[in-house]
Amino acid sequence: MINEIGISVSIVSYMILMLAIGIWSSKQNASTDDFYLGGRRLGPIVTAMSAEASDMSSWLLMGLPGIAYISGLADASWTAIGLALGTYLNWLLVAKRLRRYTIKANNSITIPSFFANRFRDKSRILLAVSAIWILIFFIPYTASGFAACGKLFHTLFGVNYILAMLVSAAVIILYTMLGGFLAASTTDLVQSIVMTVALVIVVLFGINAAGGLDRVLENARGIAGYLSLRQMGNSNAPQTATPYTFMQAFANLAWGLGYFGMPHILLRFMAIGDEKKIKVSRRIASVWVLISMAVAIFIGIVANAMSKAGAIAVAKTSADAENSIIRIAHLLSGNGLGFALLAGVILAGILACTMSTSDSQLLAASSSFSENLLVEVFGLSLTEKQRVLAARLTVIAIALLSIFIARDPDSSVFAIVSFAWAGFGAAFGPVMLLALFWRRANRYGAIAGMISGGVMVFAWKYLVRPLGGVWDIYELLPAFLVSALLMIAVSLVTPAPSREMTEEFDAVCRGD
């Protein structure tokens with residue numbers, strides 16, 4: 001009873017804080033520019049941590065440890081290395097130029113509107129295609145976050161999964177709908193702190209519960225290939241390891257390519273108040289991502305040792321292993337009220353991972369539908385007040401669709417996130433990079449690249465990858481390459497950009 005009280009106090013306090021931030025932020029939203037970009041006045045610390053917190057999702061505390069628990073270092077580490085490189089390069093190459101270019105290109109406040117303005121697309125095809133891709137990939141991505149919340153409370157308290165998922169989703173919807181981008185970014189800063197504290201608590205307690213660091217390492221060494229980057233272990237068959245090929249490693253490194261196309265991360269670059277502070281944000285973000293992912297992988301290894309020591313239940317599948325951190329929190333809570341409060345912080349950390357991503361995804365999907373489709377594509381005439389109302393109603397509608405998808409408690413968080421990540425990376429990544437750095441890029445190439453990238457993700461995932469063998473690689477890599485090559489080829493064989501476009505491009509390059 002005491003442990004449940006302590007956990008409940010921590011989680012309820014956390015949720016109340018999130019709602020309070022949403023209410024406070026709602027008073028700052030006078031226009032759609034405020035609602036979607038916070039008036040472009042984010043500071044460097046908030047920009048850095050909100051970008052990375054919105055990036056990590058429940059994948060950081062559940063998905064990544066789950067992979068490491070089952071198969072050891074190889075799969076998880078190559079993915080983490082790719083993500084760390086992608087994070088750094090995205091901040092280094094894209095952040096400043098995108099912030100500058102979106103202002104120059106008719107003060108674009110969404111990614112679809114930037115593409116349309118950058119390429120002077122009067123046909124509105126770019127707007128429509130990019131908005132549709134955002135809806136297609138963000139709705140299941142948001143659903144994965146809602147599902148993680150439902151799993152959390154169902155595993156911990158035995159609460160009905162659907163009810164737990166609905167309550168968690170309601171809190172996210174409420175503060176996002178009220179406060180918009182400013183609420184999402186401010187709560188993301190708080191959530192990144194909670195996530196960090198949760199990681200530290202889990203590692204320290206987990207090592208102790210497993211019998212010490214020596215026991216953790218001894219257990220890992222007892223599983224063939226578990227600590228190797230060139231072999232993949234199998235905790236269910238400790239004496240069996242499979243080779244981890246160069247192509248598998250390269251495909252997992254390709255996770256980093258996804259960053260160039262993530263709307264909820266790119267929006268943070270657009271919203272920073274002073275582009276001169278981007279270097280500070282880059283350093284903070286890169287260090288935090290590198291350390292947090294390394295700790296998350298280690299948590300999976302620690303959890304495996306804990307299960308072998310009998311401290312927590314043994315997980316047989318990756319989906320089941322994703323719940324290891326919840327089991328660790330439950331074990332910690334049985335040591336008195338103080339430890340129950342700490343366990344609540346761990347569980348609030350899982351909520352933080354989920355909420356920090358879900359709120360950003362809801363906003364990005366909402367802006368695509370209400371601003372890009374309703375107003376810009378279909379030409380619906382709305383006042384500023386009506387546009388903000390439409391944005392809030394769209395948040396609710398998209399969230400309801402996500403809730404419907406998340407009704408299956410057996411879905412894998414990692415599987416859903418990896419597919420959506422590939423979709424955004426392939427559909428938007430090449431287009432974004434070439435839009436920012438290639439003077440010859442035009443709207444025909446952008447349309448071809450965006451459509452081919454998104455379609456290729458589906459084709460490779462469901463038609464090619466099931467063939468196995470050399471074809472069994474993460475769909476982001478082949479789809480990204482197809483999108484980039486097709487955009488370049490189509491741009492070269494179609495009319496060159498107008499003088500107005502090239503002069504604007506040159507002005508952005510010069511920093512005018």
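## Rings and helix pairs

The count comes to 17 aromatic pairs, where rings of Phe, Tyr and Trp (its six-membered ring) pair if their centres lie within 6.5 Å. Take phenylalanine 114 and phenylalanine 115: their ring centres sit 5.8 Å apart with the planes at 40°, so this pair is tilted (planes under 30 degrees apart are stacked, over 60 edge-to-face, and the rest tilted).

Keep in mind that this is a predicted model, where local features need pLDDT of at least 70 and side-chain atom pairs count only at pLDDT 80 or more, while totals for chains, interfaces and linings use all residues. Residues are numbered from 1 along each chain as its sequence is written, and side-chain values use heavy atoms, leaving out hydrogens and water.

Phenylalanine 114 and phenylalanine 115 also belong to a cluster linked by ring pairs, together with Tyr101, Trp133, Phe137, Phe419, Phe424, Phe428, Phe458, Tyr462 and Phe505.

| Residue | Relative accessible area | Class |
|---|---|---|
| Phenylalanine 114 | 0% | buried |
| Phenylalanine 115 | 0% | buried |
| Serine 77 | 12% | buried |

Serine 77 has its place in helix α5 (helices are DSSP runs of H or I, at least four residues, numbered from the N terminus). Leaving aside residues up to four places away in sequence, serine 77 touches Leu229 and Ile297, where contact means heavy atoms within 4.5 Å.

Now for the helix pairs. The axes of α5 (residues 73–104) and α20 (residues 499–510) come within 10 Å and cross at roughly 140°, which makes α5 oblique to α20. Angles run from 0 to 180 degrees between N-to-C directions; under 35 degrees is roughly parallel, over 145 roughly antiparallel, 65 to 115 roughly perpendicular and the rest oblique. Arg97, Arg100, Tyr101 and Lys104 of α5 meet Met501, Glu504, Phe505, Ala507, Val508 and Cys509 of α20. That contact has 6 nonpolar, no polar and 4 charged residues (Ala, Val, Leu, Ile, Met, Phe, Trp, Tyr, Cys and Pro are nonpolar, Asp, Glu, Lys and Arg charged, the others polar, Gly among them).

How do α9 and α12 cross? The axes of α9 (residues 213–221) and α12 (residues 278–308) come within 9 Å and cross at roughly 90°, so the two helices are roughly perpendicular. Leu213, Val216, Asn219 and Ala220 of α9 make the contact with Phe298, Ile301, Val302, Asn304, Ala305 and Lys308 of α12. By class, these residues divide into 7 nonpolar, 2 polar and 1 charged.

Notes:
Buried means under 20% relative accessible area, exposed over 50%, partly exposed in between (1.4 Å probe, protein chains only).
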